[in-house]
Amino acid sequence: MANIASSPSGATPDPKQVNAEAGVDANQIEDINLEQPKSYLWVVRLISVVTIMSAWEILGRRVDPLFMSYPSAIAVAAMDMIKSGELITGLISSLSTLVYAFVLASALGIVIGLLIGRYKLVDVSTDWLVNALYTTPQVAIIPLVILWFGLGGNAKIFIVSVSTIFPVLINTTAGVRNVPSQLIDVGTAFEANERQIFMKVIAPSALPYVMTGIRLGLGRAIIGMVVAEFFTAITGLGAIIVKYGNQYDTASMFVPIFVLMFLGVSLSALVKRAEHWIAPWKETENT
Amino acid sequence: MENRKVKLAVEGVSKTFRVKGGKFQDDFLLHVLRRLSFEVYEGEIVSLIGESGCGKTTLLRIVQGLIRRDAGVIRVDGQPVTKPARDRGFVFQQANLLPWRTARANVEFGLELQGVSAKERSEKAQSLLELVGLGQAGEQFPHQLSGGMQQRINLARALAINPAILLMDEPFSALDAQTREVLQREMLRIQAETRKTVLFVTHDLDEAIYVSNRVIVLGAKPGRIKEIIEIPFGYPRAELPELRGDPRFQEIRRHMWNLIRNKPEGEASAAA
Ligand SMILES: Nc1ncnc2c1ncn2[C@@H]1O[C@H](COP(=O)(O)OP(=O)(O)OP(=O)(O)O)[C@@H](O)[C@H]1O
Ligand SMILES: [Mg+2]
């Protein structure tokens, strides 16, 4: 706080002597202002978590354990499942499918999205297909997927890929369409060829959109994964949910649900991090 | 000028746009430029001035090769040109810096496209950053720079490919009066140092007189040359406020104003 008072005097704007430090000082002031409200908000959030969890604990104990469970029972069930290795095995199984299919579909989505956004011919020859497939509810095609791939891992990979690819593809296309034409002019004016325009102007300009697409795709990928695990392969977190559901063991059933929740939150936080790391020029615009 | 070699020639250039009429009228043809011809000598600064929409940007983009002309020829050193090339550097009206690149990487952009080695690029960029007075700001991203700093990078980026000709489209019009004067001086200093040929678009009469050897006054609809005015002041020029005190400056200014306003000489002197 102390250097708030000293910084502005050092950063008086002088058009003849614009120095680099002026910008840095201004950022520091911004950070200091932001810090206080942030920690304050965290306290409120913590209070809210504690209150709701205790309410759940108290009320949950009064309900028939068949219909509802409560935090301490879920914690005990979680310990058992960790000890038996069931949870870890399930998590690894789900996660490996998820990562594999997600990476594959994202890469494919980015490439196709770039082409659709840049080339009108690719666009008009595929837009009806993309729209049709995008709007088809994924669950509706599961019987067909099982016919094609059976109940094994490939069916899972297919469903997760289909869930991921469209948000990535559609956002990438939007990113390419939103490249300011002035920036393409800059490329052209400096003699860039088509490949250079693509790699050095269009791709970086579309990157923030691509990252948004990846984040949305990730959410859908997790849904796709659980749905696939319900209906096809008898592995993974989805299968654990089904198993304990069938055994009427509600507390244990909650464990993989929490893991999925945690997975969703942490993976999308990871992507958000990656966004800041990959597109640092967007940082001050976003926050 | 002791050296009268023609560096850039614009010969009979015409451009017509088809404009969508929309709901209330038919599509129509907009004749933006009609058989425009002029020459710029080596090391000379020539300004294009004229009312908004008379085709200044269009002409500059044609010279750079960003858009095609309908008729006419652009020659550099006597050779016809149609595409962008490293003999012409473009300074954009809005800085148009690539936001994901640092100031330094923006300056390096043209060299990178040419495949110049990283070491050579960064040396070149550093010396240009220093030339435009931003030696310390190389690692900043564009959004961290002020408008004036961005315009300096815009200029440095064009200078990096070491073009013989600089095409500048109202490079200072978005800036406040103070910064503009500073950058006008900087530009004159850099031009004196590098001996570039400059074609400079502006709609600021004072700026046109202050920086140019000659000023081309364009008329609108279609764009054509009304008059080419020789500026009698030598280089290095006195500062703008001092120059404004010169009666010849006021005389030229009034004359240009009347030309642009389509008023016969002496009828009105609203400009003064
Ligand atoms: N791509 C285009 N399609 C249709 N009309 C265009 C196009 N580009 C420019 N024009 C029209 O051509 C005319 C000249 O535009 P130009 O940008 O060259 O003007 P200008 O002299 O640079 O004006 P200003 O001083 O406002 O920048 C304008 O009427 C504009 O609407
Ligand atoms: Mg213009």
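The model is predicted, so local features are given only at pLDDT of at least 70 and side-chain atom pairs only at pLDDT 80 or more, while totals for chains, interfaces and linings use all residues. Residues are numbered from 1 along each chain as its sequence is written, chains are lettered from A and ligands numbered from 1 in the order in which they are written, and side-chain values use heavy atoms, without hydrogens and water.

**Chain B as a whole**

Select chain B, which has 8 helices and 10 strands; these are DSSP runs (helices: H or I, at least four residues; strands: E, at least two), numbered from the N terminus. The radius of gyration, taken over C-alpha atoms, is 19 Å, close to the 19 Å that the globule rule gives for 272 residues, so chain B is as compact as a globular protein of that length. The rule is 2.2 Å times the number of residues to the power 0.38. Of the 272 residues of chain B, 54% count as buried, meaning under 20% relative accessible area with a 1.4 Å probe and protein chains only; exposed is over 50%, and partly exposed lies in between.

**The sheet of chain B**

Next, select the open sheet of 6 strands, ordered β6-β7-β8-β3-β9-β10 with mixed pairing; two strands pair if DSSP finds at least two bridges between them. Its edge strands are β6 (88-91) and β10 (224-230) of chain B, each pairing on one side only.

**The contact between the chains**

Now display both chains. The contact (heavy atoms within 4.5 Å) takes 24 residues from chain A and 34 residues from chain B. About 2,600 Å² is buried between them, 67% of it on carbon and sulfur atoms; this is the accessible area (1.4 Å probe) that the two parts lose on being put together, summed over both. In chain A, select F190(A), K200(A) and W281(A), which lose the most area to chain B, together 27% of what that side buries.

**I110 of chain A**

Finally, select I110(A) in helix α4 (residues 86-118) of chain A. I110(A) is partly exposed, with a relative accessible area of 24%. Leaving aside residues up to four places away in sequence, I110(A) touches V168(A), T172(A), V210(A) and I214(A). M211(A) is 101 residues from I110(A) in sequence and 10.0 Å from it in space, C-alpha to C-alpha.
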